[in-house]
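I opened my notebook to look up charge pairing and pockets. My notes follow in the order I made them.

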Amino acid sequence: MKKGARLLIYLFLSVCAVITIFPIWWIFATSLETSARAYSFPGALIPQGVLSNYIAAWHLAPWLRFLLNSLGIGIVTTVLALLTSLLAAYGIVFLSSRLTQYLLVVILSTMMIPFYSIIVPDYLIVKDLGWLNTYTAQIVPFAANGFAVFMLVQFMRSLPKELRDAARIDGITDWGYLWHVVVPNLMPAIATVSIYLFLLSWNAFLWPLIVTNGPQVQPIQVGLANFLSTANGTDWTVLSAAAAITTVPVLILYMIAQRQIVESVSRSGIKG
(Lines give C-alpha, C1' and ligand atoms only; values in the text may rest on other atoms or scores of the structure.)
Protein backbone atom coordinates (compact mmCIF):
# COMPACT_ATOMS: atom_id res chain seq x y z
CA MET A 1 0.00 0.00 0.00
CA LYS A 2 1.32 3.42 -0.93
CA LYS A 3 2.30 5.83 1.80
CA GLY A 4 -0.26 8.44 0.70
CA ALA A 5 -3.12 5.93 0.78
CA ARG A 6 -2.03 4.72 4.20
CA LEU A 7 -1.98 8.29 5.53
CA LEU A 8 -5.51 8.86 4.20
CA ILE A 9 -6.72 5.71 5.96
CA TYR A 10 -5.11 6.79 9.23
CA LEU A 11 -6.61 10.26 8.84
CA PHE A 12 -10.06 8.82 8.20
CA LEU A 13 -9.79 6.47 11.21
CA SER A 14 -8.58 9.35 13.39
CA VAL A 15 -11.58 11.48 12.40
CA CYS A 16 -13.94 8.58 13.14
CA ALA A 17 -12.29 8.07 16.53
CA VAL A 18 -12.67 11.75 17.43
CA ILE A 19 -16.34 11.77 16.38
CA THR A 20 -16.97 8.64 18.48
CA ILE A 21 -15.05 9.72 21.58
CA PHE A 22 -16.05 13.40 21.67
CA PRO A 23 -19.60 12.96 23.12
CA ILE A 24 -18.22 10.73 25.88
CA TRP A 25 -15.47 13.22 26.62
CA TRP A 26 -17.99 16.07 26.65
CA ILE A 27 -20.15 14.32 29.26
CA PHE A 28 -17.25 13.69 31.63
CA ALA A 29 -15.68 17.10 31.00
CA THR A 30 -18.96 18.94 31.64
CA SER A 31 -19.48 16.93 34.83
CA LEU A 32 -16.17 18.34 36.12
CA GLU A 33 -16.98 21.96 35.29
CA THR A 34 -18.63 24.89 37.01
CA SER A 35 -22.03 26.00 35.73
CA ALA A 36 -20.60 29.27 34.40
CA ARG A 37 -17.82 27.65 32.37
CA ALA A 38 -20.06 24.87 31.09
CA TYR A 39 -21.93 27.40 28.91
CA SER A 40 -18.81 29.13 27.60
CA PHE A 41 -16.23 28.26 24.94
CA PRO A 42 -13.95 26.36 25.20
CA GLY A 43 -15.50 25.81 28.62
CA ALA A 44 -15.90 22.12 29.31
CA LEU A 45 -13.32 21.13 26.71
CA ILE A 46 -10.70 21.74 29.41
CA PRO A 47 -12.45 20.79 32.71
CA GLN A 48 -11.55 22.35 36.04
CA GLY A 49 -11.97 19.15 38.01
CA VAL A 50 -15.04 20.15 40.05
CA LEU A 51 -15.94 16.96 41.95
CA SER A 52 -18.79 18.63 43.84
CA ASN A 53 -21.09 17.93 40.89
CA TYR A 54 -20.76 14.19 41.51
CA ILE A 55 -21.40 14.67 45.22
CA ALA A 56 -24.52 16.72 44.48
CA ALA A 57 -25.81 14.25 41.91
CA TRP A 58 -25.14 11.25 44.16
CA HIS A 59 -27.25 12.69 46.98
CA LEU A 60 -30.17 13.61 44.74
CA ALA A 61 -31.12 10.04 43.79
CA PRO A 62 -30.52 6.46 45.06
CA TRP A 63 -27.88 5.75 42.41
CA LEU A 64 -26.38 2.80 44.26
CA ARG A 65 -29.77 1.08 44.28
CA PHE A 66 -30.25 1.81 40.57
CA LEU A 67 -26.76 0.51 39.77
CA LEU A 68 -27.28 -2.70 41.71
CA ASN A 69 -30.68 -3.22 40.07
CA SER A 70 -29.24 -2.77 36.58
CA LEU A 71 -26.23 -4.95 37.36
CA GLY A 72 -28.34 -7.79 38.77
CA ILE A 73 -30.92 -7.64 35.99
CA GLY A 74 -28.19 -7.44 33.35
CA ILE A 75 -26.22 -10.41 34.68
CA VAL A 76 -29.22 -12.71 35.10
CA THR A 77 -30.69 -11.74 31.73
CA THR A 78 -27.34 -12.27 30.02
CA VAL A 79 -26.84 -15.71 31.56
CA LEU A 80 -30.35 -16.88 30.66
CA ALA A 81 -30.26 -15.47 27.12
CA LEU A 82 -26.78 -16.88 26.53
CA LEU A 83 -27.84 -20.33 27.75
CA THR A 84 -30.95 -20.45 25.56
CA SER A 85 -29.00 -19.08 22.58
CA LEU A 86 -26.24 -21.68 22.96
CA LEU A 87 -28.73 -24.53 23.11
CA ALA A 88 -30.73 -23.20 20.16
CA ALA A 89 -27.63 -22.57 18.04
CA TYR A 90 -26.21 -26.01 18.83
CA GLY A 91 -29.45 -27.70 17.81
CA ILE A 92 -29.60 -25.75 14.55
CA VAL A 93 -25.97 -26.41 13.58
CA PHE A 94 -25.22 -29.91 14.88
CA LEU A 95 -28.69 -31.48 14.97
CA SER A 96 -29.55 -30.13 11.56
CA SER A 97 -32.74 -31.19 9.83
CA ARG A 98 -35.46 -29.59 7.76
CA LEU A 99 -37.28 -28.66 10.96
CA THR A 100 -34.26 -26.90 12.47
CA GLN A 101 -33.82 -24.84 9.31
CA TYR A 102 -37.43 -23.70 9.59
CA LEU A 103 -36.83 -22.90 13.25
CA LEU A 104 -33.86 -20.72 12.27
CA VAL A 105 -36.10 -18.81 9.86
CA VAL A 106 -38.69 -18.33 12.61
CA ILE A 107 -36.02 -17.13 15.05
CA LEU A 108 -34.60 -14.69 12.52
CA SER A 109 -38.09 -13.42 11.70
CA THR A 110 -38.53 -12.32 15.31
CA MET A 111 -35.74 -9.81 14.69
CA MET A 112 -37.92 -8.12 12.06
CA ILE A 113 -40.78 -7.40 14.46
CA PRO A 114 -40.51 -3.96 16.13
CA PHE A 115 -40.51 -4.24 19.89
CA TYR A 116 -43.02 -1.39 20.16
CA SER A 117 -45.62 -3.46 18.30
CA ILE A 118 -45.65 -6.16 20.99
CA ILE A 119 -45.43 -3.98 24.09
CA VAL A 120 -49.19 -4.12 24.79
CA PRO A 121 -49.57 -7.94 24.66
CA ASP A 122 -46.32 -8.35 26.61
CA TYR A 123 -47.57 -5.94 29.26
CA LEU A 124 -50.92 -7.75 29.53
CA ILE A 125 -49.16 -11.10 29.95
CA VAL A 126 -46.87 -9.72 32.65
CA LYS A 127 -49.82 -8.10 34.38
CA ASP A 128 -51.87 -11.32 34.36
CA LEU A 129 -48.90 -13.21 35.82
CA GLY A 130 -48.64 -10.67 38.65
CA TRP A 131 -45.11 -9.64 37.71
CA LEU A 132 -45.58 -5.87 37.58
CA ASN A 133 -42.97 -3.92 39.54
CA THR A 134 -40.69 -6.96 39.91
CA TYR A 135 -37.30 -8.05 38.62
CA THR A 136 -38.97 -11.01 36.90
CA ALA A 137 -40.86 -8.72 34.53
CA GLN A 138 -37.56 -7.17 33.41
CA ILE A 139 -35.71 -10.48 32.97
CA VAL A 140 -37.99 -13.22 31.62
CA PRO A 141 -39.19 -11.40 28.45
CA PHE A 142 -35.54 -11.03 27.38
CA ALA A 143 -34.32 -14.52 28.35
CA ALA A 144 -34.15 -15.41 24.64
CA ASN A 145 -32.60 -13.33 21.88
CA GLY A 146 -32.78 -14.01 18.14
CA PHE A 147 -29.68 -12.02 17.25
CA ALA A 148 -27.60 -13.92 19.82
CA VAL A 149 -28.77 -17.21 18.30
CA PHE A 150 -27.88 -15.99 14.82
CA MET A 151 -24.39 -14.88 15.91
CA LEU A 152 -23.62 -18.15 17.68
CA VAL A 153 -24.88 -20.16 14.73
CA GLN A 154 -22.39 -18.41 12.46
CA PHE A 155 -19.50 -19.03 14.85
CA MET A 156 -20.45 -22.68 15.41
CA ARG A 157 -20.57 -23.28 11.67
CA SER A 158 -16.93 -22.17 11.47
CA LEU A 159 -15.80 -25.06 13.67
CA PRO A 160 -14.12 -27.89 11.70
CA LYS A 161 -16.32 -30.92 11.10
CA GLU A 162 -13.39 -33.12 12.12
CA LEU A 163 -13.95 -32.04 15.73
CA ARG A 164 -17.45 -33.48 15.64
CA ASP A 165 -16.27 -36.73 14.05
CA ALA A 166 -13.46 -37.13 16.60
CA ALA A 167 -15.90 -36.53 19.45
CA ARG A 168 -18.24 -39.23 18.15
CA ILE A 169 -15.37 -41.72 17.91
CA ASP A 170 -14.46 -40.94 21.53
CA GLY A 171 -18.06 -41.54 22.56
CA ILE A 172 -18.79 -37.96 23.64
CA THR A 173 -22.49 -37.15 23.85
CA ASP A 174 -24.06 -34.03 22.35
CA TRP A 175 -24.23 -32.45 25.79
CA GLY A 176 -20.57 -33.19 26.44
CA TYR A 177 -19.53 -31.98 22.98
CA LEU A 178 -21.33 -28.68 23.57
CA TRP A 179 -19.74 -27.91 26.95
CA HIS A 180 -16.32 -29.51 26.53
CA VAL A 181 -15.54 -28.74 22.88
CA VAL A 182 -17.83 -26.08 21.39
CA VAL A 183 -17.99 -23.66 24.30
CA PRO A 184 -14.20 -23.58 25.01
CA ASN A 185 -13.46 -22.91 21.33
CA LEU A 186 -16.07 -20.15 21.12
CA MET A 187 -15.13 -18.21 24.25
CA PRO A 188 -14.23 -14.97 22.36
CA ALA A 189 -17.53 -15.18 20.46
CA ILE A 190 -19.44 -15.96 23.65
CA ALA A 191 -17.79 -12.98 25.35
CA THR A 192 -18.87 -10.70 22.50
CA VAL A 193 -22.45 -11.98 22.54
CA SER A 194 -22.53 -11.67 26.34
CA ILE A 195 -21.46 -8.04 26.17
CA TYR A 196 -24.13 -7.37 23.55
CA LEU A 197 -26.80 -8.98 25.74
CA PHE A 198 -25.62 -7.16 28.86
CA LEU A 199 -25.61 -3.77 27.13
CA LEU A 200 -29.05 -4.49 25.71
CA SER A 201 -30.31 -5.04 29.24
CA TRP A 202 -28.30 -2.18 30.75
CA ASN A 203 -29.65 0.36 28.22
CA ALA A 204 -33.26 -0.85 28.46
CA PHE A 205 -35.57 2.05 29.22
CA LEU A 206 -39.08 1.89 27.79
CA TRP A 207 -40.01 -1.58 29.03
CA PRO A 208 -38.72 -1.08 32.62
CA LEU A 209 -40.43 2.32 32.66
CA ILE A 210 -43.76 0.64 31.85
CA VAL A 211 -43.57 -2.35 34.19
CA THR A 212 -41.99 -0.67 37.25
CA ASN A 213 -43.15 2.18 39.46
CA GLY A 214 -40.58 2.50 42.23
CA PRO A 215 -36.81 2.85 42.72
CA GLN A 216 -36.68 -0.48 44.56
CA VAL A 217 -36.65 -2.43 41.27
CA GLN A 218 -36.03 0.25 38.64
CA PRO A 219 -32.79 0.12 36.58
CA ILE A 220 -30.40 3.01 36.26
CA GLN A 221 -31.73 4.28 32.91
CA VAL A 222 -35.19 4.80 34.39
CA GLY A 223 -33.61 6.37 37.45
CA LEU A 224 -31.69 8.79 35.25
CA ALA A 225 -34.87 9.70 33.37
CA ASN A 226 -36.65 10.37 36.67
CA PHE A 227 -33.69 12.50 37.73
CA LEU A 228 -33.89 14.49 34.47
CA SER A 229 -37.58 15.21 35.04
CA THR A 230 -37.00 16.87 38.40
CA ALA A 231 -36.31 20.52 39.08
CA ASN A 232 -32.57 19.82 38.82
CA GLY A 233 -32.95 19.49 35.05
CA THR A 234 -31.50 22.97 34.45
CA ASP A 235 -28.10 22.27 36.04
CA TRP A 236 -26.21 20.65 33.20
CA THR A 237 -23.09 20.00 35.22
CA VAL A 238 -24.99 17.91 37.78
CA LEU A 239 -26.92 16.20 35.00
CA SER A 240 -23.67 15.35 33.24
CA ALA A 241 -22.32 13.92 36.47
CA ALA A 242 -25.41 11.72 36.78
CA ALA A 243 -25.03 10.59 33.15
CA ALA A 244 -21.35 9.84 33.76
CA ILE A 245 -22.29 7.65 36.72
CA THR A 246 -24.46 5.52 34.41
CA THR A 247 -21.66 5.29 31.82
CA VAL A 248 -18.71 4.26 33.98
CA PRO A 249 -19.76 0.59 34.55
CA VAL A 250 -20.18 0.03 30.80
CA LEU A 251 -16.77 1.54 30.03
CA ILE A 252 -15.16 -0.66 32.67
CA LEU A 253 -16.87 -3.72 31.19
CA TYR A 254 -15.58 -2.89 27.73
CA MET A 255 -12.02 -2.32 28.92
CA ILE A 256 -12.06 -5.72 30.63
CA ALA A 257 -13.50 -7.57 27.62
CA GLN A 258 -11.99 -5.66 24.68
CA ARG A 259 -9.43 -8.40 24.06
CA GLN A 260 -12.14 -11.02 23.62
CA ILE A 261 -14.12 -8.71 21.33
CA VAL A 262 -11.15 -8.15 19.03
CA GLU A 263 -10.27 -11.84 19.04
CA SER A 264 -13.81 -12.91 18.16
CA VAL A 265 -13.78 -10.63 15.12
CA SER A 266 -10.29 -11.47 13.92
CA ARG A 267 -10.24 -15.25 14.33
CA SER A 268 -12.22 -18.22 13.09
CA GLY A 269 -11.91 -21.95 13.59
CA ILE A 270 -10.51 -23.58 16.72
CA LYS A 271 -8.17 -22.09 19.28
CA GLY A 272 -4.54 -22.91 18.53
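I kept in mind that the model is predicted.

Next I looked for a partner. Asp174 forms a salt bridge with Arg164, and their closest N and O atoms are 2.8 Å apart. The pair links distant parts of the chain, with Asp174 in helix α10 and Arg164 in helix α9, 10 residues apart. Side chains of opposite charge can pair when their charged atoms come close. I then checked Arg164, which has 11% relative accessibility and counts as buried because this is under 20%.

The largest pocket has a volume of about 890 Å³. I noted 32 lining residues, of which Phe115, Phe142, Ala144, Asn145 and Leu200 are the closest to the centre. Helix α4 gives the most to this lining, with five residues. I also sorted the lining of the largest pocket by class: 22 residues are nonpolar, nine polar and one charged.

I then looked at the second largest pocket, with a volume of about 230 Å³. Its lining residues include Ile195, Trp202, Gln221 and Tyr254. Which helix supplies the largest share of this lining? I found that α14 does, with six residues. By class, the lining of the second largest pocket has seven nonpolar residues, four polar and no charged.

I finished by checking α11, which supplies at least two residues to the lining of the largest pocket and at least two to that of the second largest pocket.

Conventions: Residues numbered from 1 in each chain as written. Predicted model: local features only at pLDDT ≥ 70, side-chain atom pairs only at ≥ 80, totals over all residues. Heavy atoms only, no water. Salt bridge = Lys/Arg side-chain N within 4 Å of Asp/Glu carboxyl O. Helix = DSSP H or I, 4+ residues; strand = E, 2+ residues; numbered from the N terminus. Buried < 20%, exposed > 50% of the residue type's maximum accessible area, 1.4 Å probe, protein only. 1 Å grid on protein atoms, 1.4 Å probe; cavity = no way out; pocket = protein on both sides within 12 Å on 5 of 7 lines; lining within 4 Å. Points joined across faces, edges and corners; volume = space filled by probe spheres on them. Nonpolar A, V, L, I, M, F, W, Y, C, P; charged D, E, K, R; others polar.
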